[in-house]
Each structure stands twice: as C-alpha cells, then as structure tokens.
Amino acid sequence: MKRLIMSDKYSCFYNELIDIGYQIIPTDTIVVFHTPEQKHADMQCLKIDDKYFILNECDRLKHSLNPLNPIVISHKAGKKYPENVLLNCLYLDNILYGKSSAISSEVKEYCNENNIKIVNVNQGYTRCSTLIVNEKAAITADISIAKALKNNGVEVMKISEGHIILEGFNYGFIGGASGKIDNRIVFFGNVKNHPDFNKIETFIKNHGKDIQILCPQMPLTDIGGIVEKE
C-alpha cells in the first residue's frame, strides 16, 4: 500500500484517497505559519531521492519517518516569507530548484555532498508552484521557475495565475493543488473549471499520464500537495 504525506484539513480529499487504497500520513500543524499553510506538506517535508528532510517543529513526521532516518532541519521556520520556505524546493532530475537564500543549510550541504545542482529562482514557493508530470515535464504559472526548468531541458507548460483556492490568500498554486501518484496526476478539486484545463489535460496525457479529480464538487484547492513515503 502506497503511503502519502499530506494535509488532513480537508476530509473529502483525505477520505477519497483512503477509499481508493492509499494510506495517509497527516502532516503536523505548524502554528508559526499563516493558518492556510499550517498543514502544507510541501512546507514541512522535502524528499530528495530516498532522503527526507523535515522541519524541526514536525513532531508527528519525525515519528512517522524515524525508520527512514530523516534529516531534521536545525533552523526554526518563521512566519514571514522567505523564513517559511526552508524546504519548499523542487527536486527534479538531480537538480534542486529554489530560492537559494531561503533553502535550509542542511539541504544545501546534502546537495553539495551528493553532486546535486542547485538552481536559484525568484519564487520561494517553488515546489507548490510546480506540478511535476515527469522528470522532463512540468506545469507552472511562475515565469522564473518556467525559465529555469526550460534552461535545464524540462518541457514546461505555462498556465495563467490564479483560479486555485487558498483560504486567506488571493490564490493558491498548481503544485499544491495536485500530486503525482503512480501513473496519474490527481487534482484536489475540480480542475475542469480552470481556464487552462484543456491545455493542462492535453499536456499531461501527451506525457503518458492520466488525470483523476478528487472531490469534483469542490473548487480546485491548494492543500500543500503530496509527498510520497517509501
């Protein structure tokens, strides 16, 4: 049974994944974060190959990931951006994309020791801004991420900003509203209402993936995405 690290804030998404056979490891509640971000997996946990990095404040994840010997970040996360995006990085094809000044020292050290290239982008919410279709294909609304990915051989589909719910903010991000599980891309809420849905669907299917919409009665919602657990 595949195990997924994700927020349990929205029972509809949580329960639907359980019903189709996945085990959910709920994230912690990071009280220093803004309320909409407090349970976001992409802010609490970063997976690079088979190594996990977690925030020091994540007591629940420390326990759940303990058998995998995760690296716990020593520096405490803050409420203000970019102090809250220590782990919100995008790892793709042996390259780590993120706001270099904000990435935790433990992650930088690991990358340097393992010959993983770090590419700086302006967007500190790098992971939640990007839907990974595969190692060579991604979807984002962010210009700086799109440029960096293209410069490193990734095919990128640029979509319009907005049209994704994130309570308390003007809008959320496509990576936080989706996740790649096995050979499909799941969306948290009805992605069909996104103005770029037809392009999104075509791009994903052209890269050999299927689409699954969880709780289609819900609007497309940024829940902080999914981190797969080995």
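One disulfide is counted in this structure, taking a disulfide to be a pair of cysteine sulfur atoms within 2.5 Å. In general, a disulfide is a covalent bond between the sulfur atoms of two cysteines. Welcome to a predicted model, in which local features need pLDDT of at least 70 and side-chain atom pairs count only at pLDDT 80 or more, while totals for chains, interfaces and linings use all residues. Residues are numbered from 1 along each chain as its sequence is written, and side-chain values use heavy atoms, with hydrogens and water left out.

**The bonded pair**

- The disulfide joins Cys12 and Cys215, whose sulfur atoms are 1.9 Å apart.
- Cys12 sits in helix α1 (residues 11-19) and Cys215 in strand β14 (residues 210-219), so the bond ties together parts 203 residues apart in sequence. Helices (H or I, at least four residues) and strands (E, at least two) are DSSP runs, numbered from the N terminus.
- The torsion about the S-S bond of Cys12 and Cys215 is about -125 degrees, so this disulfide is left-handed.

**How accessible the pair is**

- Buried means under 20% relative accessible area, exposed means over 50%, and partly exposed is in between (1.4 Å probe, protein chains only).
- Cys12 is partly exposed, at 23% relative accessibility.
- Cys215, by contrast, is buried at 0%.

- Seen from Cys58, the closest cysteine sulfur is that of Cys45.
- Cys45 is buried, with a relative accessible area of 3%.
- Cys58 is buried too, at 0%.
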